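Let's read a protein model together, one feature at a time. Have the viewer open as we talk.

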Amino acid sequence: MYYPTRSHSRRLILCLILTAIASGNALAKNTHPMLSYNEPATEWQSQALPIGNGFTGAMIFGGPQHEHIQINTDTLWTGDEHNRGESQNLGDITIDLNHGVASHYRRQLDLSTATHTVTYTAEGVDYRRVGFASYPARVLVFEFTASRHGAYTGDIHFADGHAAPNSLAGDTITSAGQLSNGLRYETQIRVVPKGGSVTARDGHYHLDSVDSFLIIVGAGTDYLADHTKGWRGPDPHAAVTQEVDTAARQSFSELKKAQEKDYCPLFHRVSIDLGKSDHTLSTLPTDQRLAKYKAAAVDPELEALSFQYGRYLLLSSSRPGSLPAHLQGIWVENNNPPWSGDFHSDINVEMNYWPSEVTNLSECDIPFIDYVNSIREVRKADTKAQWGDKTRGWTIRCENGAFGGAAWLWNIPGSGWYCQQLWEHYAFTQNTTYLRDVGYPIMKEVCEFWHDRLVPNADGKLVTPDGWSPEEGDIEPGVTYDQEIVWDLFNNTIQASKVLNIDPDFRAQLVDMQSRLLSPKIGKWGQLMEWATDKDDPDNKHRHVSHLYAVYPGNQITMTSTPELAKAAAVSLDHRGDETTGWAIAWRQCLWARLRDGNRAHRLLQNYLRVTSDTSIQYEAGGGVYPNMLCACPPFQIDGNFGSTAGIAEMLLQSHETYHDPSSGDLDRYVLDLLPALPSLWSTGSVHGLCARGGFTVDLSWKDGHLTKATVASTGGEDCRLRYRGHLMPVHMIRGEKREFSFDTAVPVK
Ligand code: FUC
């Protein structure tokens with residue numbers, strides 16, 4: 001497994017460009033980003049609240065007399081190297097309590113500490129439940145307390161998702177089973193009571209007059225990310241037992257302290273203030289607040305909450321050692337999740353990782369990087385089976401599983417899209433050890449696939465022979481989506497080989513081939529052409545906007561370097577419209593941000609935050625969020641949560657444009673674009689801790705629509721240029737340096 005290292009040393013120096021002020025090390029402050037409700041959940045995908053530690057997740061309903069905690073473990077997948085398979089439900093914990101009807105009910109999810117709390121009163125007793133997922137302890141912890149001794153009488157059940165039987169020994173329910181692919185799994189539920197008695201009855205525990213109790217949940221499978229070992233490691237029993245035993249030796253507050261020690265520093269790396277909301281809104285339960293937003297769409301604190309929720313969800317579903325976040329993160333309700341809860345490669349899994357680097361959660365990339373690394377050999381075999389034994393490199397299909405098996409159509413440039421995230425991880429962290437050992441070797445072999453595959457068209461331009469624009473149109477040569485991804489792959493791999501100072505001959509071939517690629521073209525209605533021929537339908541409202549890859553997440557088309565193409569991209573995007581599904585709204589938000597139209601990007605965010613309860617499958621409309629703020633495609637798909645979070649970051653800071661100067665030799669340096677797409681509704685605010693390519697961390701404050709202060713810290717010691725409203729400023733940085741710039745609101749606008 002790969003773990004990055006970051007330099008945290010800081011050195012403050014005076015900056016003489018613009019106004020220079022030595023800065024303190026401001027701590028991120030988040031004013032308790034919180035989801036709260038006055039009613040328990042009755043529906044899994046739209047109302048229950050998610051917790052997770054990357055390995056184990058839960059959706060909590062919070063019913064006072066009937067609590068339902070549905071649980072998942074990340075590696076519980078059917079499938080194998082030939083079949084994609086599906087992520088599976090681990091099981092359902094239910095807790096039935098014998099007390100009267102509850103009043104003063106509240107449930108909340110505090111993102112600042114990753115804590116779920118339920119409080120209510122029944123028969124004069126105040127009840128309180130606190131639940132969280134601990135990454136260091138690798139367990140879920142739930143504490144049930146009450147204001148009166150002996151208040152808890154009831155029953156705790158567990159139903160395994162595949163009907164494995166429960167065995168009760170001492171204070172633990174153990175449920176161990178095996179899936180159709182032979183994968184072994186185990187769940188342990190430890191009940192630690194205070195006062196009263198707990199007895200085993202017919203496969204469950206009965207609580208009698210208990211004062212308070214803890215439930216510790218441990219789970220695991222024998223999945224091993226190693227194809228040479230058949231993807232299987234040791235039976236999970238020993239590891240799960242150890243995790244649960246170790247956790248049970250600690251008090252609730254010790255467990256909580258360790259969980260917060262891990263989670264809080266990551267979460268609080270970024271704070272955001274997009275403006276103040278009306279007090280009557282910020283004090284409403286989240287479902288009512290979302291309903292008001294749908295009507296009026298003015299609630300900047302809700303938008304900031306949505307941004308932080310994306311970061312919370314990433315921290316909950318993608319942590320070093322876990323599998324990557326799938327279509328529903330780590331949470332699936334049953335054994336037939338929508339689209340199998342798989343790793344969809346023609347937008348979805350990539351979108352899951354759009355916020356990781358820019359919102360300062362680089363560690364959350366690691367599961368994706370490790371996953372890509374783990375499937376290489378399986379994919380090579382499948383790619384050879386499709387295109388012949390001499391084929392070099394590898395690629396994927398649209399629907400991909402945990403063991404490298406894949407289904408449905410080939411997404412031929414999909415492995416190239418994966419490689420983009422591998423490069424981005426370097427571009428942001430400047431970790432050359434990672435690039436040399438992990439990122440570059442994968443990028444190189446995917447380049448080899450394209451090196452052997454591209455063909456000249458009638459004009460001598462290199463084209464992909466059988467391209468496809470997901471998920472529409474015919475298979476034909478030179479489709480823009482394919483061309484742009486190959487360009488991006490070559491571009492990043494060329495840079496990577498320069499950074500590492502290796503493979504000059506191969507690099508030269510890539511440089512040559514990149515220059516001969518069929519490049520994006522402007523069509524007859526001023527649009528960016530989706531296909532090699534000018535046949536785009538101006539009324540096409542398809543959710544996928546794959547031909548705009550070069551604008552976002554790629555950087556072949558930018559407002560500065562290719563303004564005409566950027567204009568054409570805006571024409572295409574405008575025609576595609578703003579009414580679409582969840583993730584497609586989020587992509588449009590990112591695209592408008594790159595096209596520097598802050599108000600349009602914000603309008604997409606407003607569309608994204610329209611609350612819905614529709615859980616049926618929708619393709620071209622109906623996107624939004626559920627009352628629990630999970631993205632409604634519909635149905636629930638987590639990609640939109642992540643894409644929209646990335647979109648907000650992109651509205652405030654961009655760093656995809658590059659430049660060369662003598663000091664940078666042949667290597668790309670980055671332009672840090674400050675407030676490139678600030679919407680008028682966010683006239684005053686601040687953000688702390690966003691990341692930029694080149695190894696920078698950036699804080700920004702703005703007032704009345706003008707940037708007032710920017711703080712830039714460099715981990716890599718690279719130079720950069722700051723751009724604000726067309727005004728470019730070269731900045732020479734050394735490793736560990738941090739500078740603060742004050743901006744006169746009279747900075748000339750270009
Ligand atoms: C892609 C999208 C669908 C859906 C599915 C999971 O196929 O086109 O809208 O998000 O992935």
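**Reading the model**

A: With a relative accessibility of 6%, serine 340 counts as buried, where buried means under 20% relative accessible area, exposed over 50% and partly exposed in between (1.4 Å probe, protein chains only). This is a predicted model, in which local features need pLDDT of at least 70, side-chain atom pairs count only at pLDDT 80 or more, and totals for chains, interfaces and linings use all residues. Residues are numbered from 1 along each chain as its sequence is written, and side-chain values use heavy atoms, with hydrogens and water left out.

Q: Where is serine 340 placed?

A: Helices (H or I, at least four residues) and strands (E, at least two) are DSSP runs, numbered from the N terminus. Serine 340 sits in the loop between helix H6 (300-317) and strand E20 (343-344).

Q: Which residues is serine 340 in contact with, leaving aside its neighbours within four places in sequence?

A: Contact means heavy atoms within 4.5 Å. For serine 340 these residues are Arg84, Gly85, Glu86 and Ser87. A polar contact is a pair of N or O atoms within 3.5 Å; within protein, one must be able to donate a hydrogen and the other to accept it, and residues adjacent in sequence count only if both atoms are side-chain atoms. The side chains of serine 340 and glutamate 86 make one at 2.9 Å.

Q: Which residues surround the ligand?

A: Here a residue is near a molecule if one of its heavy atoms lies within 4 Å of it. Around the ligand are Leu327, Trp339, His344, Asn348, Glu471, Arg543, His544, Trp583 and Gln637. Oxygen atoms of the ligand lie 3.4 Å from a polar side-chain atom of histidine 344, 3.2 Å from one of asparagine 348 and 3.0 Å from a side-chain N or O atom of arginine 543. Taken alone, the ligand exposes 290 Å², and the protein buries 99% of that (Shrake-Rupley method, 1.4 Å probe).

Q: Which residues touch the most other members of the largest nonpolar core?

A: A nonpolar core is a set of buried Ala, Val, Leu, Ile, Met, Phe, Trp, Tyr and Cys residues joined through side-chain atoms within 4.5 Å. In the largest, of 203 residues, those touching the most other members are Phe213, Tyr312, Phe490, Trp587, Leu652, Leu672 and Leu674. Helix H11 (residues 432-451) gives the most to this core, with ten residues.

Q: How many residues of helix H16 are buried?

A: Nine of the eleven residues of H16 (residues 598-608) are buried, so this helix is largely enclosed by the rest of the structure. Among them are Arg600, His602 and Tyr608.
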